[in-house]
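Visitor: I have a structure to look at for class. Can you walk me through it?

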Amino acid sequence: MIYNEKMLALDEQIDCLLTAIEESASCLDYRLAQASLQKDAQGSRLKQHFQQKKDAYEAVLAYGEYAPGFSKTRQEVLSAKRELDLYPPVAQFRQAETQLQSLLDEIGQTLAQHIDEKIKVDAGNPFFTEGSHQESCGGK
């Protein structure tokens, strides 16, 4: 790739866009929630507990419902997952993460549509329907 004045100007604009994203409320909320979750001892214990239950479930999953204790192991992993998901710092982090992902999806979609409305953009959010693959395939 040959770098000329246009490429350097584009690089500067990318830096400006990155700075704007990093200074956005969505990004700031995400970083605060992430830092809060990393410092949270109870969150770490819940995550570790869930991981242990998940590993136990995956060990019997290959045998399916015929494995001894399959149903109990499945219920335990679902319970641990629910407990982790409902823990307020985890829920706040996931909400902030989704909000930031939506912002990034919207930026990507806007850039693609500016060039050509038929450009396919994979969004992190499956409910981000504007300009999705589904529309380009004729489905609604």
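Visitor: Is isoleucine 14 buried or exposed, or something in between?
Guide: Isoleucine 14 is partly exposed, because its relative accessibility is 40%. Buried means under 20% relative accessible area, exposed means over 50%, and partly exposed is in between (1.4 Å probe, protein chains only). This is a predicted model, in which local features need pLDDT of at least 70 and side-chain atom pairs count only at pLDDT 80 or more, while totals for chains, interfaces and linings use all residues. Residues are numbered from 1 along each chain as its sequence is written, and side-chain values use heavy atoms, with hydrogens and water left out.

Visitor: Where is isoleucine 14 found?
Guide: Isoleucine 14 is in helix α1. Helices (H or I, at least four residues) and strands (E, at least two) are DSSP runs, numbered from the N terminus. Helix α1 covers residues 5-22, which is 18 residues. From first C-alpha to last, α1 reaches 26 Å, close to the 26 Å expected at 1.5 Å a residue. The expected span is 1.5 Å times one less than the number of residues.

Visitor: Which residues make a nonpolar surface patch with Ile14?
Guide: Leu10 and Leu18 make the patch together with Ile14, and its area is about 250 Å². Patches are made of residues with over 30% relative accessible area and no salt bridge; like charges are joined within 9 Å, and nonpolar side chains (Val, Leu, Ile, Met, Phe, Trp, Tyr) within 5 Å. The areas come from the Shrake-Rupley method with a 1.4 Å probe, and for residues only the protein chains shown count as cover.

Visitor: What caps the N-terminal end of α1?
Guide: Asparagine 4 does, with a side-chain oxygen 3.1 Å from the backbone nitrogen of lysine 6. A polar contact is a pair of N or O atoms within 3.5 Å; within protein, one must be able to donate a hydrogen and the other to accept it, and residues adjacent in sequence count only if both atoms are side-chain atoms.

Visitor: And what does the side chain of serine 24 reach?
Guide: The backbone nitrogen of cysteine 27, at 3.2 Å. Serine 24 sits in the loop between α1 and α2 (25-39). Serine 24 counts as buried because its relative accessibility is 16%.

Visitor: Which residues form the largest nonpolar core?
Guide: That core has 11 residues, including Leu46, Phe50, Phe70, Val77 and Tyr87. Helices α3 (41-61) and α4 (70-86) each supply at least two residues of this core. Another core, of 6 residues, lies apart from it, with Tyr30, Ala33, Phe93 and Leu100 among them. A nonpolar core is a set of buried Ala, Val, Leu, Ile, Met, Phe, Trp, Tyr and Cys residues joined through side-chain atoms within 4.5 Å.

Visitor: What separates phenylalanine 93 and tyrosine 30?
Guide: Along the chain, 63 residues; between their C-alpha atoms, 6.5 Å. Phenylalanine 93 is in helix α5 (residues 88-115) and is buried, at 14% relative accessibility.

Visitor: New topic. How many salt bridges are there?
Guide: The whole structure has 4. A salt bridge is a side-chain nitrogen of Lys or Arg within 4 Å of a carboxyl oxygen of Asp or Glu. One of them joins lysine 53 and glutamate 76, with the closest N and O atoms 3.4 Å apart. Lysine 53 lies in helix α3 and glutamate 76 in helix α4, so this pair ties together parts that are 23 residues apart in sequence.

Visitor: Why do such side chains pair?
Guide: Side chains of opposite charge can pair when their charged atoms come close.

Visitor: Which salt bridge does lysine 72 take part in?
Guide: Lysine 72 meets glutamate 76, at 3.8 Å from N to O. These two are about one helical turn apart, because 4 residues separate them in helix α4. Lysine 72 is exposed, at 58% relative accessibility, whereas glutamate 76 is partly exposed, at 28%.

Visitor: What does aspartate 85 pair with?
Guide: Lysine 81, with the closest N and O atoms 3.2 Å apart. Both lie in helix α4, 4 residues apart, about one turn of the helix. As for networks, salt bridges that share partners join Lys53, Lys72 and Glu76 into one.
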